[in-house]
Amino acid sequence: MKHLVQEVDTTAPSGQVPAAKAEQATHLPAKIIATLALLAAVAPLAIDMYLPAFPEMAVEFGTSASAVQLTLTTFLVGLALGQLVFGPLSDRYGRRPLLLIGTAACAVFSAGAALAPSIELLAGARFVQGFAGAAGIVLGRAVISDRAQGAAAAKLFGLLVVINAIAPVVAPLLGGVVVTGFGWRGVFWVLTVLSALMFVCVLVLVAETHPKERRTTGGTSAMLREAGNVLRNRRYVGFLLAYAFAFGVMFAYISASPFVLQNVHGLSTSWYTVVFTANAVGLVIFSVANGAIVAKLGDRVTLRIGLTLLSVFSIVMLINALAGPVLWVTVIALWCTMGSLGLVIANATTLALGEARQAAGTGSAVLGALQFLLAAAISPLVGIGGEDTALPMAIAMVVSALIALSALALTRGKATAHAR
């Protein structure tokens with residue numbers, strides 16, 4: 001990671017990078033990379049850590065499983081909406097102050113969730129926790145876009161991909177340990193501590209990466225106008241759709257694979273965990289390899305290769321489902337599909353935010369919000385056919401992959417002034 005590191009000017013005032021230095025910087029200090037990694041990890045941990053406690057929570061609150069699941073839905077909705085708010089605001093007020101506000105609020109409402117006396121108050125606390133926690137996700141991407149570009153940016157975004165691949169696997173295991181020892185409320189106390197740690201790291205280590213002369217001015221109307229400019233950039237929209245629908249493939253897999261692998265193929269819970277972990281490892285391997293591939297082929301070519309592979313192996317899944325699913329075909333196709341995402345997510349993020357460099361907060365916000373809104377739409381769709389068929393998952397994966405690949409047609413032609 002040493003070649004990614006370049007320290008900021010230590011003579012600058014606390015929390016501010018000189019404008020000239022910010023314009024020239026193409027790398028990030030290791031301390032900021034570590035902070036961004038923590039910011040990226042907390043959201044998936046907050047999503048998955050308390051899943052093992054769902055039955056216990058239903059009993060304690062005397063409520064239904066669906067009511068407990070609603071606390072996850074409210075968190076995801078907050079996560080999507082929060083990105084739409086924090087991103088554009090950071091283009092006007094800077095990244096650092098909003099990171100401080102978001103991480104502080106996330107810590108407060110994580111504690112609120114731990115103390116919630118009813119399922120209704122827990123759902124409300126989870127919404128605000130997700131809304132506030134969105135600051136770390138959306139502004140972490142914006143900080144990278146402010147300070148890095150090209151292969152360096154792709155490697156940093158790749159690091160976030162690796163974290164987001166590992167965290168969902170580790171989170172339920174860690175959550176199971178915490179729940180066993182301290183109950184479900186212990187999970188939210190752990191999240192409180194992590195959120196407080198994020199606040200301290202931002203306060204002490206993260207300098208402002210979006211100087212005043214590059215910020216939007218003029219209030220809400222100016223922010224909306226800037227958002228309109230971003231969305232009118234067809235190249236940005238193309239990379240945005242490629243990113244979001246590639247994630248759609250992953251969400252279809254995450255939502256339906258427990259039923260496909262256990263109900264359709266008859267795997268035990270233990271073997272399902274093995275397959276799920278192996279697929280996460282595949283994503284990590286391809287994400288790590290992505291940096292070297294981008295250095296040789298460039299991010300656009302690597303992205304096209306990744307989306308092509310994603311489409312091909314999703315089609316293999318569909319053919320397998322139509323012909324009567326065979327376990328070894330399903331396992332191999334899923335591993336290759338998830339691995340292909342390692343060549344897609346970081347590059348699509350780099351290219352999209354490269355098209356919105358003057359409004360990276362807004363560009364990052366739309367990217368993240370569409371990602372989670374699409375997840376909310378796809379998750380129930382893959383269950384339409386019931387729990388004993390692999391077809392809905394395969395169809396959702398193929399449709400999402402082909403839309404993502406087709407979206408690259410929008411990216412052809414001359415780049416904008418701020419693209420690489």
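I began with the lining of the largest cavity: α2 (30-48), α4 (65-93), α5 (95-115) and α6 (119-147) each supply at least two residues. Helices here are DSSP runs (H or I, at least four residues), numbered from the N terminus. I noted that the model is predicted, with local features needing pLDDT of at least 70 and side-chain atom pairs pLDDT 80 or more, while totals for chains, interfaces and linings use all residues. Numbering runs from 1 along each chain as its sequence is written, and side-chain values use heavy atoms, without hydrogens and water.

**Cavity.** I found one cavity of 30 Å³ or more. A cavity is a set of points, on a 1 Å grid over the protein atoms alone, where a 1.4 Å probe fits but cannot get out; lining residues have an atom within 4 Å of a point. The largest cavity holds about 90 Å³ of space, the volume being that filled by probe spheres set on points joined across faces, edges and corners. I listed 14 lining residues, with Val 42, Ala 43, Cys 106, Gly 133 and Met 198 nearest the centre. α6 gives the most, five residues. By class, I read ten nonpolar, four polar and no charged residues. Ala, Val, Leu, Ile, Met, Phe, Trp, Tyr, Cys and Pro count as nonpolar, Asp, Glu, Lys and Arg as charged, and the others, Gly among them, as polar.

I then checked Leu 36, in helix α2. Leu 36 counts as buried because its relative accessible area is 6%, where buried means under 20%, exposed over 50% and partly exposed in between (1.4 Å probe, protein chains only). Its C-alpha atom is 5.6 Å from that of Gly 140, 104 residues apart along the chain. Leu 84 lies in helix α4. At 39% relative accessibility, Leu 84 is partly exposed.

Terms used
On a 1 Å grid over the protein atoms alone, a cavity is a set of points where a 1.4 Å probe fits but cannot get out, and a pocket is an open set with protein on both sides within 12 Å along at least five of seven lines; lining residues have an atom within 4 Å of a point.
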